[in-house]
Amino acid sequence: MKKILILVSLLLFGCDSHSRILSYEELVNYPSHCSKAKEQLAELRFIQRIKNFSQDPDSLNEADRAYNSRLKSTIWWYTWKCGIE
Amino acid sequence: MKYSPIILILLSTVAWANCSVKSASQNVSQRQVSSPTNLVKTISTNQCKVKYNLKVDGNWHDVEYTYKGFEEENVLCAKAVDEGRKILLSQMGGIFQTESITVCNEGKPVQFRPVKIGDLVMDNELGRMDRGQNFKYRNSNCRLFREKYEKDRIFRVTHGVICQTDHQEWIVVDKW
């Protein structure tokens, strides 16, 4: 029982930022910065892989469409603003 | 008679090739254009008439345009505003650039809108976003675009990135 509790705790709280799915509000307020591009892009692309949204925005529901839009525009911000791909 | 099967094969190839030629002109002069102000919309059956003021290079102009169609009212009015602005700017002269692309697609009708990732488009086919300067992506000249259209009777606004290919066309590399 103790082992299970430890395992659940690790799963819930032991994950680093790269394995956390941000809420839409967190994405809106995402602290994008060119100097942190590498780690931030890794985090955002991880979310993109997990979410696995359709390439066609018209096929998404409103919530997913808004999330996908914010996620992609944040990712492209680094290319547009910092010249990082 | 010996050559007839070959001739038939060639003819069928020509018959099934569905080509579409897209060409468009755009005014490439750099003008300072404001957002529409004092916008008045008059909506009636299948049409929207707009009247508004537009500041171009420091001078105000009255614009009036009626757009007719079967779209929703907000789409009709958005199109009326866009078309009115286009006509005003085209009347002001400047340097025009014309581009054309011929796309052939065997056996299937060619559809251009709404664009999808991988589609080839012309630069002036997709609107620019407000913060519209170009940027480099994989050593290519790219820019953000905004596309407005109606789908399932809902007015949609999508954004994306297009990049210039070696052949003067632009390719849609992402869309959201």
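Before I start: I take axes as lines fitted to C-alpha atoms, with angles from 0 to 180 degrees between N-to-C directions. Also for the record, this is a predicted model.

**Entry: helix pair in chain A**

I looked up helix α3 (residues 37-51) of chain A against helix α4 (residues 62-82) of chain A; their axes come within 10 Å and cross at roughly 150 degrees. Anything over 145 counts as roughly antiparallel, so α3(A) is roughly antiparallel to α4(A). I noted the crossing of α3(A) and α4(A) as left-handed.

From α3(A) I get Ala37(A), Gln40(A), Leu41(A), Leu44(A), Arg45(A), Ile47(A), Gln48(A) and Lys51(A). From α4(A) come Tyr67(A), Leu71(A), Lys72(A), Thr74(A), Ile75(A) and Tyr78(A). Sorted by class, the α3(A)/α4(A) contact has eight nonpolar, three polar and three charged residues.

**Entry: chain A against chain B**

I then turned to the interface, where 14 residues of chain A touch 21 residues of chain B. The buried area between the two chains is about 1,600 Å², and carbon and sulfur atoms give 57% of that.

**Entry: salt bridges**

I have 11 salt bridges over all chains, and the rule finds four across the interface of chain A and chain B. I checked two pairs that involve Arg156(B).

Asp58(A) and Arg156(B) meet through their side chains at 3.5 Å, N to O. That pair runs from the loop between α3 and α4 of chain A, where Asp58(A) sits, to strand β10 (residues 154-164) of chain B, which holds Arg156(B).

Glu62(A) also forms a salt bridge with Arg156(B), and here the closest N and O atoms are 3.7 Å apart.

Definitions and conventions: Residues are numbered from 1 along each chain as its sequence is written. Chains are lettered from A and ligands numbered from 1 in the order in which they are written. This is a predicted model: local features need pLDDT of at least 70, side-chain atom pairs count only at pLDDT 80 or more; totals for chains, interfaces and linings use all residues. Side-chain values use heavy atoms; hydrogens and water are left out. Helices (H or I, at least four residues) and strands (E, at least two) are DSSP runs, numbered from the N terminus. Angles under 35 degrees count as roughly parallel, over 145 as roughly antiparallel, 65 to 115 as roughly perpendicular and the rest as oblique. A crossing is left-handed if the near helix is turned anticlockwise from the far one by less than a right angle, and right-handed if clockwise. Contact means heavy atoms within 4.5 Å. Ala, Val, Leu, Ile, Met, Phe, Trp, Tyr, Cys and Pro count as nonpolar, Asp, Glu, Lys and Arg as charged, and the others, Gly among them, as polar. Buried area is the accessible area (1.4 Å probe) that two parts lose on being put together, summed over both.
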